[in-house]
Amino acid sequence: MIATLLISLFASTDTIDEPTRFVDEVVVVSTKTEGRKRSAKGQVASIDEHIGELSHVNLVRRGSYAWEPVVNNMQTERVSTTIDGMKIFYACTDKMDPVTSYVESGNLQSISLNSGLDGNPQATGNIGGSLDLKLRKVGFDQDPFHLDASAGYEANGHLQVYGVDAETSSHRFYANGGVFYRHADNYEAGGGEEVLFSQFQKVNAFGNMGVRLSERDVVEGTFIFDRASHVGYPALNMDVKKAQGIITSLACKHRFNHPWLNDWETKLYYNHITHVMDDTRRPNVEIHMDMPGRSWTSGLYSLLTASNGIHETQLNCDLYYNRLSADMTMYPGGAAPMHMVTWPDVGTLNTGVALTDRLSLPHRQTVRLSAKVAMQWQRLNSEEGLQALSVFFPGMKEAYHQTTGRVAASYTWQPTHWQLSLGTGWGSRAPTVTEAYGYYLNNTFDQYDYIGNPRLKNESAVEVNGGVKWLPSPHLSIGLDANAFFFSNYIIGEFENRLSPMTVDAEGVKVYGNLSHATIVNTAFSAEWRLLSWLTWNTRLSYAIGRDDQSDPLPLISPLAYTSSLTFAYKHFQGKAEVRGNGKQTNNGKKYGETATPAWAIGNISGQYTLLIHEHALTFRTGIENLFDKRYSTYSDWCDIPQKGRNVYVNLAWAL
Ligand SMILES: [Cu+2]
């Protein structure tokens with residue numbers, strides 16, 4: 001899987017390597033690539049829908065746009081998300097804009113997930129796992145010209161998607177670029193109730209370019225512009241007027257003519273995010289608020305790869321500087337506006353070295369070792385923010401330093417008919433800006449105002465994981481996998497009764513603190529059975545447990561979840577019928593303000609037909625989600641906002 005990072009230099013980017021550990025996964029986004037996992041809606045599906053195909057991933061939904069990926073039942077704080085190895089940080093104090101919301105399906109080739117502490121080389125703070133979004137670059141020596149167009153429509157919410165992209169390629173040069181547009185009105189929950197403030201609109205433009213300087217040297221550049229506007233968040237008190245991201249990079253790649261040194265890639269990047277919230281369209285707002293946030297990151301990484309037939313080694317050095325600021329102005333009718341710094345303009349300089357080695361042993365055995373150490377310096381640049389926080393933490397400094405690291409080892413053995421894997425690791429993460437320096441951030445999940453704690457210790461965890469897959473025949477596979485994370489200094493909001501909240505209607509105040517220990521365990525069963533040459537049955541069942549230091553349930557841990565599907569393929573036709581559901585949530589984090597979510601199950605059907613006209617493929621996809629129009633919400637729907645009711649969709653993709 002790590003090898004997918006290296007493929008684009010001299011080969012076509014269409015190769016997807018098999019994961020080295022079968023607990024890692026790749027979901028394919030681009031229409032040009034065939035892969036094991038992809039959304040039934042094809043490329044027209046949103047990034048969130050593509051990510052949802054990964055089996056260790058759940059999504060926290062605050063509206064119908066910009067869902068937050070949760071890996072191994074851990075949210076953004078414990079997950080690393082990179083775009084082609086680039087660090088990028090969201091700009092909203094309410095998590096309205098996970099970094100996955102600043103790209104579009106058309107930008108991507110694939111999304112790869114490394115489960116747990118064995119992260120990709122650029123990942124830091126990845127206790128739960130690391131996601132890397134791989135950009136779709138056409139690469140050298142491809143078709144001289146290629147044009148793709150796609151359009152999609154979903155009846156529920158009148159979602160419209162239009163995309164067009166063009167590619168040109170030769171031995172010396174390549175370029176590809178495109179434009180995507182999405183627009184949705186409010187959707188309807190099962191039963192027909194309109195979910196107010198669930199609309200959104202998004203435009204995305206991108207370009208990639210590569211120039212071959214010599215047979216062994218290549219320069220590549222990337223540019224992405226992404227802008228979402230008038231995005232509603234039914235689970236929150238506010239909407240987004242504008243969320244805009246600009247992502248740029250320039251990379252040099254060299255291929256060695258050497259027995260074991262392979263490639264050397266150095267990438268420079270810069271990205272900038274502007275986030276502007278808006279409550280002017282909401283009725284009955286007592287105190288109007290302006291809450292802008294800004295994040296920019298500049299960085300570089302340099303990745304050296306070597307292999308000699310036994311070892312496959314990667315050495316990566318990275319460095320980034322991120323600047324994060326947010327503030328809030330309240331306008332109490334008539335009275336003077338009140339200004340508050342919610343993220344005190346924090347500058348973070350982080351640098352790390354990572355080493356990964358994959359060792360191929362006889363009898364189809366492999367060992368993978370990875371380690372990373374990173375140093376971080378932070379400075380609070382807002383005097384106003386520092387003063388405000390100093391009231392709660394007298395004597396707090398304006399500068400902080402943290403050192404974090406991770407090590408992981410895994411072993412896989414693939415004798416005939418079996419795949420076995422065992423792994424372990426240790427890793428730590430520094431507190432996020434919200435956890436360390438956030439100031440009165442209202443959380444609508446538990447209705448508390450949260451205050452950061454600059455005295456937090458780093459959180460760390462020991463991971464153990466294992467998996468076994470039995471493949472008695474080419475038509476059948478049955479797998480079991482599990483992982484467990486044993487945390488020390490687990491970071492979570494703790495009740496602070498001495499403070500009163502600032503937000504109207506808030507229950508109280510919580511201050512981030514370290515719990516001495518906590519545990520998260522994830523287990524899954526999966527089976528695939530090819531009943532007939534044209535018919536396959538897939539099923540997956542997962543269960544997780546999360547406990548704090550007093551053995552009480554942690555919040556946002558998935559209840560029993562299952563999916564079961566039948567896929568049929570005949571010539572150019574593919575169809576799928578699926579059941580998805582969750583059991584009743586019994587281990588909800590009561591102590592943390594989480595209510596139990598009832599059990600639910602829904603049915604989906606989809607079909608796809610590809611027509612070849614003079615070697616140009618025209619793909620027609622259609623389907624119905626939530627076939628029986630069931631009204632439900634999942635445990636990870638923020639404030640129990642209901643999911644979409646019955647939704648009929650059609651989309652068309654055309655390749656010239
Ligand atoms: Cu926001």
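Guide: Two residues are in contact if their C-beta atoms, placed from the backbone, lie within 7 Å. In this predicted model, among contacts between residues at least 6 apart in sequence, 64% join residues at least 24 apart.

Visitor: How confident is the prediction, and what is the mean pLDDT of the chain?

Guide: The mean pLDDT is 91, and 95% of the residues of the chain reach 70 or more. Over residues 1-19, however, the pLDDT is below 50, although this stretch has 46 contacts in the model beyond near neighbours in sequence. Where pLDDT is low, the predicted coordinates should not be read in detail.

Visitor: Why is V464 called partly exposed?

Guide: A residue is buried with 20 or more other C-beta atoms within 10 Å of its own, and exposed with 12 or fewer. V464 has 15 such neighbours, so V464 counts as partly exposed. V464 lies in strand 24 (residues 459-473). Leaving aside neighbours within four places in sequence, V464 is in contact with T424, N483 and A484. The C-alpha atoms of V464 and Q414 are separated by 20 Å, and these residues are 50 apart along the chain.

Visitor: How do you know that strand 24 and strand 25 pair, and in which sense?

Guide: Two strands pair if at least two bridges are found between them. Strand 24 and strand 25 (residues 476-495) have 12 bridges and run antiparallel. In this pairing E463 stands opposite F485.

Visitor: What makes strand 1 and strand 5 edge strands?

Guide: Each of them, strand 1 (25-28) and strand 5 (86-87), pairs on one side only. They belong to an open sheet of five strands with mixed pairing, in the order 1-6-7-4-5. Within the sheet, strand 4 (residues 79-83) and strand 7 (residues 129-135) are parallel and share five bridges. I83 stands opposite L133 in strand 7.

Visitor: Which residues point one way from strand 3, and which the other way?

Guide: From strand 3 (residues 68-71), E68 and V70 point one way, P69 and V71 the other, and all are buried. In a regular strand the side chains alternate between the two faces of the sheet. Strand 3 pairs with strand 2 (residues 57-60) in the antiparallel sense over four bridges, and V71 stands opposite V57.

Visitor: Which residues touch the most other members of the largest nonpolar core?

Guide: I111 and V231 do, in a core of 98 residues. Apart from residues up to four places away in sequence, V231 touches G63, Y65, A66, F200, D239, V240 and A243. In soluble globular proteins, nonpolar side chains tend to be buried together.

Key
Residues are numbered from 1 along each chain as its sequence is written. This is a predicted model: local features need pLDDT of at least 70, side-chain atom pairs count only at pLDDT 80 or more; totals for chains, interfaces and linings use all residues. A nonpolar core is a set of buried Ala, Val, Leu, Ile, Met, Phe, Trp, Tyr and Cys residues joined through C-beta atoms within 7 Å. Helices (H or I, at least four residues) and strands (E, at least two) are DSSP runs, numbered from the N terminus. pLDDT is the predictor's confidence in each residue, from 0 to 100.
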